[in-house]
Amino acid sequence: MFYLYTVNKEQVAQVLNDIATLLDLKGENPFKSRAYVNAARALESLNESLEKVFAPGTEEHIKGIGESIHQKIVEMMATGRLAYYDDLKASVPEGLVAMLAIPGLGSKKIKALHDALGITTIEQLEKACQEGKIAVLTGFGEKTQANILQGIEFRRQYSSRHLLIDALVAAEPILERLRVHPDVIRCGIAGSLRRSKEVVGDVDFLASSKHPAGIIEHFTKLPGVASVIAKGETKASVTLDGGIQADLRVVSDAEYPYALAYFTGSKEHNIVMRQRAIQRGLRLNEYGLFRSDVETRDPKLLVVCRTEDEIFQNLDLACIPPELREDKGEFAAAEKNELPRLIEWTDLKGSLHNHSTWSDGHATLHEIAAYVQGLGCAYWGITDHSLSQFQASGLAPARLREQIIEIRQINEEFAVEGTLFRFIGGTEVDIRLDGKLDYDDDLLAQLDIVVASVHSGFQQSEEEMTRRIIRAVENPYVHIVGHLTGRLLLEREPYKVNQHAVIDACAANGTWIELNCNPYRFDMDWRLWHYAKDKGVKCVISCDAHRNENAGFLRLGVGVARKGWLEKRDVINTLPYDALMTELKRKRARAGLLLN
Ligand code: DGT
Ligand code: CA
Ligand code: CA
Ligand code: ZN
């Protein structure tokens, strides 16, 4: 799940791919599942809109999608559901589908385990591994058995944590449905999701109403709610589609601001808030702020606050934005009224690190230009992969030169038409094992923007990796260090690198650091931005787009940037085009090189 928009190509393609997987799990004819995989692929390269091609009653079919699958897509477009898919899902034990999440287990292996040992749950699978029953099966062996066990452990660690984007995609439609309920006075999302944590445990909804029971009833029956874990008069816990757990609390409207502050957390932040109340002869809890020196919820003692702001005021604090509520310096700043004026996502003028069909992106330059102009962007960096990234169709020098020419031509067309939008042509150049870059300096000198990233040799020691990256940081042609640690949240640990040392080197060389807002990355981590900012290192918030829809990641990235205390002036791609180009050239001038 990666997209912030309603029924789109990727979602339909996902369903088709899921159907193929389910058919494989059932051991159906492989040609049948192949047809769904091919159809999904055909969809992904479709240029026309889905609405047009799959309108009810359409006669003309696209290549690679036969009659039966065509009709299924028509049904999905018309109803948002597919009966065939729902039935198929119901006919396969849930445990078998869950096993797909274990690294190294595909549908064929799962079916084999099911057939040989009757395994239908992950628990049974784990037990069978421990008893050595998997290793003796043909096609498995000791190594596979050990890998499966490790995969189960891995999955267990991560299954209760979710990416910010997945939580948001699950939560937003539910919040909208709560908002329009006639008995809901105020409602919102609290918890780590409101604080814009890159990974969250569960979703916390809060609502105020005079009729809580009705709201709870409504909530537990909403589409998107898969099962109800617990249900009371004023609270409920459910599991949403996709497996994320969600809590709802319903309070009176008078209690709402206190409950919102409490359930937004973090726990660490709340503890300091409570201590501040006590120091002032008050008590703060989820029900209110009370004039009392013992725990109470007596309304006669209430210090009336209609909003969270008023709670902060009563504790002699400026209003602390939710993203900063981590007890990481926000109290000292709020006391002195020195909280940062955090960046807003509308401050961004474009993303500087993105891919096109020239390497592994899915959109052509013209498609990108049309799309991001529609979003109101002033510019968009095109930084396709370099040579070493052959699996991502990295560009050989000659191809890069061709691309530079094409980008210049497109920009000239824009100028002639009077269009203000511009591409900023460049590269995401690989930092090789020794810190050398994938292109020569004279080729890099022809580019307007250079992002340098590590994509290989993740096992290097911290010392080697740090030296390697700093060597790139010191290259006068490099503007930006891309995704500093290479982490993939909930999937791959960061490689070892001394981030403080890299930040110091960036400060010394005027090199900027990326906040990559691919939801799996959010790299560099928000916890380090305060340090970088104090050193005067600028941030670039880029979405590393491989598809047009990925532009939506910028919004999430700004949430994470806010967590890192970043202001508009700390972020380079809030600058208008001319000022940005001046900065890009200044980097090179600084190193005593000629302006081009
Ligand atoms: P998560 O769900 O693990 O990503 O993190 P949160 O922060 O959303 O935590 P969660 O869902 O357990 O609780 C939501 C908020 O409720 C939490 O941020 C602070 C508040 N809260 C929950 N339990 C406690 C507690 O025992 N003490 C305090 N002070 N606050 C709590
Ligand atoms: Ca939570
Ligand atoms: Ca919770
Ligand atoms: Zn990239």
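How are the donor residues of the zinc ion (ligand 4) spaced in sequence? The first legend has the answer. This is a predicted model, where local features need pLDDT of at least 70 and side-chain atom pairs count only at pLDDT 80 or more, while totals for chains, interfaces and linings use all residues. Residues are numbered from 1 along each chain as its sequence is written, chains are lettered from A and ligands numbered from 1 in the order in which they are written, and side-chain values use heavy atoms, with hydrogens and water left out.

**View 1. The zinc site.** His 353 (NE2), His 355 (NE2), Glu 428 (OE) and Asp 544 (OD) coordinate the zinc ion (ligand 4) at 2.0 to 2.3 Å. Their spacing along the chain reads H-x1-H-x72-E-x115-D. (Helices are DSSP runs of H or I, at least four residues, and strands are runs of E, at least two, numbered from the N terminus.) Donors here are N, O and S atoms within 2.8 Å of the metal, or 3.2 Å for Na, K and Ca; water is not among the atoms, so sites may look incomplete. The 4 donor atoms subtend angles of 84 to 173 degrees, which makes the arrangement irregular. For the record, four donors count as tetrahedral if all angles lie between 85 and 135 degrees; four count as square planar and six as octahedral if opposite donors are over 155 degrees apart and all others between 65 and 115; anything else is irregular. His 353 counts as buried at 0% relative accessibility, and so does Asp 544 at 5%. Buried means under 20% relative accessible area, exposed over 50%, and partly exposed in between (1.4 Å probe, protein chains only).

View 2. The calcium ion (ligand 2) and the calcium ion (ligand 3) sit 3.7 Å apart, and Asp 202 coordinates both. Asp 204 is buried, at 16% relative accessibility.

**View 3. Strand S4 within its sheet.** The open sheet has 5 strands in the order S2-S4-S7-S6-S5, with mixed pairing. Strands pair if DSSP finds at least two bridges between them. S2 and S4 (residues 203-209) pair in the antiparallel sense over 6 bridges, whereas S4 and S7 pair in the parallel sense, also over 6 bridges. In S4, 7 of the 7 residues are buried, so the strand is largely enclosed by the rest of the structure. One side carries Val 203, Phe 205, Ala 207 and Ser 209, the other Asp 204, Leu 206 and Ser 208.

**View 4. A stacked tyrosine pair.** Searching the whole structure turns up 8 aromatic pairs. One of them is Tyr 36 with Tyr 84, stacked at 6.4 Å centre to centre with 10 degrees between the planes. Rings of Phe, Tyr and Trp (its six-membered ring) pair if their centres lie within 6.5 Å; planes under 30 degrees apart count as stacked, over 60 as edge-to-face and the rest as tilted. Tyr 36 is buried at 4% relative accessibility, while Tyr 84 is partly exposed at 26%.
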